[in-house]
Amino acid sequence: METALDLVADESAALPSGRSARNGGGRVIARSTAHRPERTCVGCREAAPREQLVRLVREPAPDGAVPRVRVDPTGSAPGRGAWLHPDASCLDLALRRGGPARSFRGRVDTGLLARDLEAFDPTRTWNR
């Protein structure tokens with residue numbers, strides 16, 4: 001019969017860092033791959049790795065105007081963000097379904113968003 005110490009000793013050797021992952025039942029489980037954060041596209045509503053999506057952020061507007069949505073090139077600007085595939089069809093779906101307004105919890109100006117996405121990052125391709 002295996003004891004809890006035997007399980008910990010066996011499973012901790014399976015993880016490269018020597019740490020063990022536990023589920024709610026207290027049994028030790030080994031992770032097969034490294035964790036990769038996923039986000040949901042506001043257009044097509046599909047989950048994808050963070051590297052495949054573009055982050056959008058809400059900019060405060062002067063004089064009480066509707067806040068503007070802009071591309072966040074660093075992916076880490078402060079404030080609420082939304083994620084979008086760099087694809088024109090996802091942008092069209094997001095605008096038609098009200099995805100940015102839902103994600104930013106209120107009305108937002110998305111007028112210049114298509115232009116910002118096209119000029120975003122030359123290393124990423126904007127699929128037209």
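**Entry 1: an aspartate and its partners**

I started with Asp 72, whose side chain makes a polar contact with the side chain of Arg 55 at 2.7 Å. By a polar contact I mean a pair of N or O atoms within 3.5 Å; within protein, one must be able to donate a hydrogen and the other to accept it, and residues adjacent in sequence count only if both atoms are side-chain atoms. A polar atom of the Asp 72 side chain also lies 2.9 Å from the backbone nitrogen of Ala 77.

Before going on, I noted that this is a predicted model, where local features need pLDDT of at least 70 and side-chain atom pairs count only at pLDDT 80 or more, while totals for chains, interfaces and linings use all residues. Residues are numbered from 1 along each chain as its sequence is written, and side-chain values use heavy atoms, with hydrogens and water left out.

Is Asp 72 buried or exposed? I found it buried, because its relative accessible area is 3%; buried means under 20%, exposed over 50%, and partly exposed in between (1.4 Å probe, protein chains only). Asp 72 sits in strand E6; strands (E, at least two residues) and helices (H or I, at least four) are DSSP runs, numbered from the N terminus. Not counting residues up to four places away in sequence, Asp 72 touches Arg 55, Val 57, Ala 77 and Phe 120, where a contact means heavy atoms within 4.5 Å.

**Entry 2: the sheet**

Next I looked up the sheet around E6. Three strands form an open sheet in the order E6-E5-E7, with antiparallel pairing. Two strands pair if DSSP finds at least two bridges between them. Strands E6 (68-72) and E7 (81-84) are the edges, each pairing on one side only. From one strand to the next, the twist averages 35°; the axes are lines fitted to C-alpha atoms (for helices over the stretch in contact), and angles run from 0 to 180 degrees between N-to-C directions.

I followed E5 (residues 54-59) and found that E5 pairs with E7 over 4 bridges, in the antiparallel sense. Leu 56 stands opposite Ala 82 in E7.

**Entry 3: the nonpolar core**

Which residues touch the most other members of the largest nonpolar core? In that core of 19 residues, they are Leu 56, Val 69, Val 71, Leu 84, Phe 104, Leu 113 and Leu 117. A nonpolar core here is a set of buried Ala, Val, Leu, Ile, Met, Phe, Trp, Tyr and Cys residues joined through side-chain atoms within 4.5 Å. Two or more core residues come from each of E5, E6, E7, helix H2 (88-97) and H4. I jotted down a general point: in soluble globular proteins, nonpolar side chains tend to be buried together.

Leaving aside neighbours within four places in sequence, Leu 113 is in contact with Leu 56, Val 69, Val 71 and Leu 91.

In H2, I found Ala 88, Cys 90, Leu 91, Leu 93 and Ala 94 buried. The buried residues of H2 pack against E7, H3 and H4. Cys 90 counts as buried because its relative accessibility is 6%.

I then searched the whole structure for disulfides and got 0; a disulfide would be a pair of cysteine sulfur atoms within 2.5 Å.

**Entry 4: glycines after H2**

Just after H2, Gly 98 takes a positive phi of about 80°. Gly 99 lies in helix H3 and counts as buried, because its relative accessibility is 0%. Leaving aside neighbours within four places in sequence, I see Gly 99 in contact with Val 42 and Ala 94.

**Entry 5: two arginines with positive phi**

Last, I checked backbone angles. Arg 45 is not a glycine, yet its phi is positive, about 65°. I placed Arg 45 in the loop between strand E3 (38-40) and strand E4 (47-49), and it is partly exposed at 47% relative accessibility.

Arg 105 also has a positive phi, near 55°. Arg 105 is in the loop between helix H3 (99-103) and helix H4 (113-118). I noted Arg 105 as exposed, because its relative accessible area is 67%.
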